[in-house]
Amino acid sequence: MPPPWRPCTWRAPTRSTCWAGCVFDRQQHLYGLPRVGHIDHEIMRMLQQLGAEGPTLKDAYATRSYTWINAEGETLLEFPWGEKGISGWHSDYMQNSAILERSLLDRIRQSETVAHMPGWEVVDLVQFDDHVELTVERTRTAPGERRPVLTGEQRRFRGRYVIACDGANSRTRQRLGIERDDLGFNEKWLVVDARIKRPFSLAFDSGQVCDPRRPTTVLPLGKDHRRWEWHLRPDEDPEDFLRPDKAWELLAPFHVTPQDVEPVRQLVYTFEARIAHRWRSGRVFLAGDAAHTMPPFMGQGMCSGMRDARNLAWKLDLVLSGKADETLLDTYQVERDPHVRDWTVISLESGKIPCIIDPEEARKRDEMFRAGFRPPMPDFPQLAHGVLHRSWDGSLAAPAGELGLQGRVRIGDRTDLLDRLLPTTGFTVVSVTDDPRTALGSRRTSALERLGCAFHTVRPPAPGIPHPTDIVDVDGTYADYFRARDVEVVINRPDFYVFGGSDMTGLTALADDLLRQTTAAAPVPAVTVGQPTAATR
């Protein structure tokens, strides 16, 4: 995800250009096949901010319900999975990640400040007081090899910081000697992704077959692909499940034939739940699967990785531009680790009931559902630590830590989501009463503007012709949101989470607290000649 960082001078052995970041990827080309299936409204808002939501949305499958059936085909549970999210989008989507990846790469290629170097792998990393030096080596594909092989051609790069997004088996994490917590889930599952050749029907669209003999997941992957996942017992050989005939054997109970689908991927995955002890070592940060892995039952693995990237992006932006002290980066793990742990626990718990493999326990489970048992829906995680406004006793007061609202508004003759009409990559102060700048005064307003803050007043529809610059709450969404939380103004962070909310008389205290937390120490000088941030995959 290309972050909104200011460019600085990048120095290579043979040439110089102006990049804010450089992405190294050992693969020469995108994977090109479906992998991650689920994204939620928060991720769609991130894609919207990047101008990359269009291709994904065109193929995405907005979810409606999620179903559990038992081995006999009896429905145990069906719950709605299709509410509108607070981010202004449908709550959840099933999508083809190959399309999402292409749209993100297109945005990188259009960027003048982010460079992409496919076919180069980071093979060494040395940290200094003010930068990190990377040694990268060109790769090539080789017959019979699953991953690219090194060619011996090397180059060196310097960066102020490095973000290692190099997967669950992260070599960067291993080089840094960072251990991981094992949350006790290590299971092998066969995954088969297939392209739809003709329309066909299933007993349910999305959900679980709660069969103790073989727990199974069934999902759409956008509009043109489907996924099945089958649990492997400990005594089964994963190699036996890689034969094409095995896939058709397992698909037979669904009455799916070669006339219906064409398998495009058949792999055995080990689903695990592990979280790195440290997400930062000096100037190197871990993100995505390099920092955490979780079972797929809530579809939050990649979503969590994208949240990591967005969290780091706005903080690095402030630090690299000299607006905030480097200590702001210490809040990265403070905020993201608890959030990821909560999602991991939810994912573990949501998989326990449908994936029971003991027949007697499965029978008891089915009887409980027949008797009316319904597992409680989890409270989706919020931020609880880090750059958030707190009450005098240290507690968070709603809506601090929640995802902020994006609703439809009208400005002049245009009606759309607020971020589309008033795009920003920084903080926003949103009020439903008066112009926040009036309450803040010129000094605080100027200080917030230096942080890249925007100010909006969203007003209810009124008789007559509105002023061309008025932001009109066309659906009453903002009025309802602020009324429910008993606030008149909120400060939203660049990653859409709410820093804090209050009535207008409390806005100055909110602003002072935000300035204190983001610029607590003396800011470093603005970078004029330095190195970019580098990201590795």
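Q: A pocket is an open set of grid points with protein on both sides within 12 Å along at least five of seven lines. With that in mind, how much space lies in the second largest pocket?
A: This is a predicted model, so the pocket is a computed feature. Among the residues closest to the pocket's centre are Val 209 and Asp 211. The space in this second largest pocket comes to about 380 Å³.

Q: Which strand gives two or more residues to the lining of the largest cavity?
A: There are 15 lining residues, and Arg 45, Asp 419, Thr 424, Thr 428 and Asn 492 are the closest to the centre. Two helices, H1 (41–50) and H9 (418–421), each give two or more residues to this lining. The strand that does so is E24 (428–431).

Q: Is Val 387 buried or exposed?
A: Val 387 sits in the loop between helix H8 (359–370) and strand E22 (408–411). Leaving out residues up to four places away in sequence, its contacts include Trp 314, Leu 328 and Phe 499. Its relative accessibility is 1%, and the cut-off is under 20%, so Val 387 counts as buried.

Q: What distance separates the C-alpha atoms of Val 387 and Gln 517?
A: These two residues are 130 places apart along the chain. Even so, Gln 517 is on the list of residues that Val 387 touches. Their C-alpha atoms are separated by 6.4 Å.

Q: What radius of gyration does the protein chain have, and what would a compact globule have?
A: The C-alpha atoms fill a box of roughly 70 × 65 × 45 Å along the principal axes. For 537 residues, a compact globule would come out near 24 Å. The chain agrees with that, because its own radius of gyration is 25 Å.

Q: What share of the residues in the protein chain is buried?
A: The chain has twelve helices and 29 strands. It exposes about 24,200 Å², with carbon and sulfur atoms supplying 51% of that area. Of the 537 residues, the buried share is 52%.

Notes:
Residues are numbered from 1 along each chain as its sequence is written. This is a predicted model: local features need pLDDT of at least 70, side-chain atom pairs count only at pLDDT 80 or more; totals for chains, interfaces and linings use all residues. Side-chain values use heavy atoms; hydrogens and water are left out. On a 1 Å grid over the protein atoms alone, a cavity is a set of points where a 1.4 Å probe fits but cannot get out, and a pocket is an open set with protein on both sides within 12 Å along at least five of seven lines; lining residues have an atom within 4 Å of a point. Helices (H or I, at least four residues) and strands (E, at least two) are DSSP runs, numbered from the N terminus. Grid points are joined across faces, edges and corners, and a volume is the space filled by probe spheres set on the points. Buried means under 20% relative accessible area, exposed over 50%, partly exposed in between (1.4 Å probe, protein chains only). Contact means heavy atoms within 4.5 Å. The radius of gyration is taken over C-alpha atoms; the globule rule is 2.2 Å times the number of residues to the power 0.38. Accessible areas come from the Shrake-Rupley method with a 1.4 Å probe; for residues, only the protein chains shown count as cover.
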